[in-house]
Amino acid sequence: MVDSRTIVFFLAVAAFLVAMATIAVRSYRRAAKSSTKDWEHLLKRLQVVDRSSIAEVALDIIDESGQQRRDEGSAGLNPEQIWKLVGGLKGLEVLKANCEVLIDLAFYVQQWYPEALVVAEQLRLSAREIEFHVERLKGAERTGKLKSAFAMYAQPAVGKYYLMTRRLLALYEERNLPMLAALQKAL
Amino acid sequence: MHLTGLDLLFWATGFGAHLILLSVLLIRRRYRQFPIFTAFIFMNVLRTIVLYFTESLGTKATYFYTFWSLGILDTLLQISVVCEMYALTFRPLGGWARDTRPVFKWLVMTTVVVAAGLAWLAAPHARLWIQVVVIKGTFFSSVLMTELFVAMIALSVKSGLPSKTHVARISEGLGFYSAVDVLVEAAHSYFGVGRGVHIYTTLSQVRMTAYLVCVGYWIVTLWLEAPAEREMPDRIFSQLIELKSAVDSDLEEIRVRK
């Protein structure tokens with residue numbers, strides 16, 4: 001006769017092994033996604049965002065050159081408007097997903113081009129930090145403090161995300177790369 | 001202790017496989033990159049020799065203490081191998097990556113708590129307290145090792161720090177063996193040692209088979225060279241530099257506004 005403690009023990013061991021297998025399989029899948037695709041494939045994973053809304057939020061606090069606006073009309077959007085324009089939590093998820101693409105790009109570079117290790121590592125760390133800020137906003141959402149935290153963290157993050165994508169597109173334009181059309185669509 | 005023909009076969013195969021693996025590590029000069037892993041394999045060769053002579057010449061008690069003392073040393077070396085693999089993965093520029101450091105504290109705490117919890121739940125059938133300690137201790141160790149290797153794979157992917165080819169192969173091997181060992185030790189805990197040595201021996205043979213598969217995998221993968229590094233095209237390099245400076249600039253702005 002098997003006692004209840006033994007049953008609990010075997011259920012716990014089974015749950016443990018299933019959890020370990022699930023984590024390992026998911027990690028291998030993501031690693032395969034990063035390492036087997038080429039650079040252009042990874043860039044393609046950047047998700048489409050509402051460019052006009054992102055631009056509106058960003059240009060509320062910065063100008064096209066990326067400088068902080070000091071004029072009277074700057075920082076005119078209130079938290080509700082920012083929330084709506086960014087697309088709320090869904091918009092933040094897109095921002096986070098795009099940060100993951102940056103991390104995957106760094107992963108790809110570190111794996112195949114060790115000569116660029118230093119640059120890739122710096123890019124990776126920066127993308128991870130942006131990801132961390134987005135996580136803070138999600139944390140604020142869970143504790144019901146999102147509205148107040150949103151204006152504080154989201155608008156600067158969106159502004160900088162906007163600038164980053166502009167620069168990336170400019171880079172592609174300068175070099176006349178064939179990926180430009182697809183990238184414009186994604187960003 | 002009476003050894004069957006199958007026991008001797010496992011012993012001889014294990015010894016031979018470890019000798020081949022040690023030769024691979026030396027001939028391919030992998031010991032430079034993996035000194036602790038090489039020490040772990042060397043210790044396994046040495047352990048087989050010591051146990052063989054202890055079994056032939058010593059008493060039952062001497063064999064018991066030698067076996068478990070070397071078992072503890074083996075566990076300590078396995079934990080050191082884990083540290084070596086973590087260091088090779090999470091120190092891309094020589095120091096621990098800034099974003100992974102805070103994770104390690106939680107990782108160690110969580111893995112130890114989970115392993116201790118599962119070991120506490122185990123209720124081995126054994127006559128002597130030392131047997132209970134040994135079974136629970138071995139089970140704890142195998143759960144901990146499984147967690148650490150799976151966590152290493154997950155963390156390396158999540159943080160964007162790929163394991164180098166041979167590091168990944170060694171980690172996969174030890175991770176697989178540890179997971180099989182969790183099952184074997186759970187069964188050891190249920191059957192214990194009081195219901196007959198036969199089941200205990202059979203389970204040990206299952207574990208040894210898994211380990212031999214693992215050693216075979218290491219022999220092949222460590223003999224092969226890692227895929228050649230590619231020369232980075234200028235186009236990608238310049239894109240990377242621009243992207244990096246853009247992200248840096250973004251980050252500065254976010255930090256200022258925090």
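From the N terminus on, the elements of chain B run α-α-α-α-α-α-α-α. Helices (H or I, at least four residues) and strands (E, at least two) are DSSP runs, numbered from the N terminus. The model is predicted: local features need pLDDT of at least 70, side-chain atom pairs count only at pLDDT 80 or more, and totals for chains, interfaces and linings use all residues. Residues are numbered from 1 along each chain as its sequence is written, while chains are lettered from A and ligands numbered from 1 in the order in which they are written.

Of the 258 residues of chain B, 31% count as buried. A residue is buried if 20 or more other C-beta atoms lie within 10 Å of its own, exposed if 12 or fewer, and partly exposed in between, with C-beta atoms placed from the backbone. Contacts were also sorted by separation along chain B. Among those between residues at least 6 apart in sequence, 75% join residues at least 24 apart. Two residues are in contact if their C-beta atoms, placed from the backbone, lie within 7 Å.

The helix pairs of chain B come next. Two packed helices are described by the angle between their axes and the distance between the axes. Axes are lines fitted to C-alpha atoms, for helices over the stretch in contact, and angles run from 0 to 180 degrees between N-to-C directions.

Helix α5 (residues 129-159) of chain B packs against helix α6 (residues 165-191) of chain B at an angle of about 150°, and the axes are 8 Å apart. That makes α5(B) roughly antiparallel to α6(B). Angles under 35 degrees count as roughly parallel, over 145 as roughly antiparallel, 65 to 115 as roughly perpendicular and the rest as oblique. The crossing of α5(B) and α6(B) is left-handed; that is, the near helix is turned anticlockwise from the far one by less than a right angle, whereas clockwise would be right-handed. On the α5(B) side, the residues that meet α6(B) include I135(B), F139(B), V143(B), F149(B) and I153(B). Among their counterparts in α6(B) are L174(B), A179(B), V182(B), E185(B) and H188(B). By class, this contact of α5(B) with α6(B) has 12 nonpolar, eight polar and two charged residues. Ala, Val, Leu, Ile, Met, Phe, Trp, Tyr, Cys and Pro count as nonpolar, Asp, Glu, Lys and Arg as charged, and the others, Gly among them, as polar.

α5(B) has 31 residues. From its first C-alpha to its last, α5(B) reaches 44 Å, close to the 45 Å expected at 1.5 Å a residue. The expected span is 1.5 Å times one less than the number of residues. G160(B) follows α5(B) and has a positive phi, near 80°.

α6(B) also packs with helix α3 (residues 60-90) of chain B. The two axes come within 10 Å and cross at roughly 145°. This crossing of α3(B) and α6(B) is left-handed. V81(B), M85(B), L88(B) and T89(B) in α3(B) meet V167(B), I170(B), S171(B) and L174(B) in α6(B). The residues of this contact divide into six nonpolar, two polar and no charged.

The axes of α2(B) and α3(B) come within 10 Å and cross at roughly 175°. α2(B) is therefore roughly antiparallel to α3(B). Residues of α2(B) in the contact include F37(B), F40(B), M43(B), R47(B) and L51(B). Those of α3(B) include Y63(B), F67(B), L70(B), D74(B) and L77(B). By class, the contact of α2(B) with α3(B) has 13 nonpolar, five polar and four charged residues.

R29(B) lies in the loop between α1 (5-27) and α2 (35-57) of chain B. Its phi is near 55°, a positive value in a residue other than glycine. R29(B) counts as exposed because it has 8 C-beta neighbours inside 10 Å.

Chain A has eight helices and zero strands. Of its 187 residues, 35% count as buried. Among contacts in chain A between residues at least 6 apart in sequence, 65% join residues at least 24 apart.

F150(A) is in helix α7 (residues 146-175) of chain A. With 21 C-beta neighbours inside 10 Å, F150(A) counts as buried. Leaving aside neighbours within four places in sequence, F150(A) is in contact with P79(A), I82(A), W83(A) and L137(A).
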